[in-house]
Amino acid sequence: MNEYVNSSLIKIRVKKKDLFFFSFIGFFVLSLIIAKADLIGSISLILVALITFYFSRYFHSLGTILYVALCVRLIVIYLGNFLVVLPDSWGDATMFELKAWQMSQDGFFAVFDKFPSNKTSLIISWVLAFFYSLTDRSVIMGQSLSLLFGMGSVLLGSHLAKKIWNKKISIKVGWILALYPTLILYSSLILREAYVWFFLLVSIYGIIFWFKNEIFKALSFLLIGFSGATLFHGGMFFGSFVFLCIILITSLIKTIKRLFYLKISINSLALLILSSIIALYLLSDAVSIPKIGSIGKLFNVEQILEEISNRNINRAAFPDWTVPKSPIELIYKAPIRVLYFIFSPFTWDVTKLSHLFGVFDGTFFIILFILVIKNIKLIWSDRILRTIFIILTSYFVLYGLSTGNFGTGLRHRTKFIIVSILLVAPWIPNIVFKKKIKKLF
């Protein structure tokens with residue numbers, strides 16, 4: 001039953017779930033103010049809640065999912081600020097917040113001059129610094145920005161599932177994204193993961209438009225998506241390079257086929273020439289990408305061996321036997337390191353309680369991997385899914401070889417969890433809490 005607010009001027013229809021949602025938000029914000037008197041953080045969370053309410057009214061089928069996703073993340077933010085120490089809530093998270101405060105000290109316009117061109121990992125600090133320069137220091141406000149992009153990823157991921165598959169599957173994907181532990185965690189901390197998820201999903205939107213021949217929309221989404229993701233982590237640029245190579249190869253094949261039948265497609269030929277020029281330019285040393293350097297160096301075997309050796313450090317490091325010492329060893333140890341990156345920590349790697357969080361995440365990736373293997377023919381037969389699969393695989397190879405420990409690996413592979421779920425969404429088992437029992441008589 002719905003409740004109504006009537007007057008001579010207005011008539012507002014309010015659903016019970018909306019009332020529950022706003023009651024929870026009100027109680028949460030009141031508790032937050034009483035506990036810490038963080039007015040700026042409270043206002044920031046209220047704004048995120050209002051944005052969620054707006055989109056839940058627009059996407060009716062996802063309304064409950066968005067409400068639950070937000071409430072769970074708000075609880076985690078509250079717990080992390082007042083009761084417990086969340087995994088990964090120290091280290092980079094505290095450093096990013098501190099740098100943002102330091103950048104904001106000279107005022108709003110001075111922040112523009114502090115763009116971290118030499119260390120783009122601090123882009124998140126630079127963004128937060130603009131808000132700090134206008135208000136005051138508030139960790140919860142910084143977390144609310146991650147929350148905003150995290151909620152956007154739940155909405156966008158669910159909507160993409162509908163575009164790729166259907167409405168029923170989009171609901172299933174929505175619930176997974178709303179309740180998956182690592183997505184909840186990194187949406188509640190001042191870290192880059194939530195930003196990367198969102199922009200990577202925007203680029204997936206562009207890929208869908210590309211294959212539907214909506215070129216202008218495709219280029220807009222691809223540019224915003226890959227650029228945004230690269231801004232927050234340089235390694236994400238590699239996906240755009242791989243997509244460019246896919247365009248180059250497919251346009252080359254089309255051009256050759258048409259030439260065989262003495263037909264020339266101006267569009268295919270122009271696309272082939274343009275993509276070839278861009279690819280050659282990116283392969284040159286003239287372009288340097290943060291975290292990567294030049295694309296050409298990624299194919300330098302000696303450089304790869306050196307990077308793997310340098311990054312295999314600390315107590316959570318991958319086993320020494322996975323470190324290749326020569327080009328020959330790289331051939332058969334590279335796949336092992338990639339699999340270790342995707343699935344670790346394994347049970348024999350667990351040395352403390354917090355590692356169990358990673359074990360759960362790794363187990364879910366094993367399930368996704370099995371689903372990909374079982375349905376690879378169907379995935380490969382669809383050009384959108386095939387493109388997503390190739391880009392996703394390239395990311396796993398790049399990050400798998402450049403990551404040396406499962407602590408860092410957990411955060412890196414989380415960047416690709418939503419796209420991985422989208423790839424095999426129809427085959428992910430449904431969780432049934434109630435089952436009707438048939439009457440025997």
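**Notebook: salt bridges and a charged patch**

I looked up D92 and found its side chain meeting that of R411 in a salt bridge (3.1 Å, N to O); the term means a side-chain nitrogen of Lys or Arg within 4 Å of a carboxyl oxygen of Asp or Glu. The pair links distant parts of the chain, 319 residues apart, with D92 in helix α4 (residues 92-103) and R411 in helix α19 (residues 406-414). Helices are DSSP runs (H or I, at least four residues), numbered from the N terminus.

The model is predicted: local features need pLDDT of at least 70, side-chain atom pairs count only at pLDDT 80 or more, and totals for chains, interfaces and linings use all residues. Residues are numbered from 1 along each chain as its sequence is written, and side-chain values use heavy atoms, leaving out hydrogens and water.

I then checked burial (buried under 20% relative accessible area, exposed over 50%, partly exposed in between; 1.4 Å probe, protein chains only). D92 is partly exposed at 31%, while R411 is buried at 13%.

R411 also forms a salt bridge with E193, the closest N and O atoms being 3.7 Å apart. This pair joins helix α10 to helix α19, 218 residues apart. I noted a network of salt bridges linking D92, E193, R411 and K415.

Next I took R413, which forms a salt bridge with D361 at 2.7 Å between the closest N and O atoms. R413 lies in helix α19 and D361 in helix α16 (residues 355-374), so the pair ties together parts 52 residues apart in sequence. R413 is buried at 0% relative accessibility, and D361 is buried at 0%.

My search of the whole structure gave seven salt bridges.

How values were computed. Helix = DSSP H or I, 4+ residues; strand = E, 2+ residues; numbered from the N terminus.
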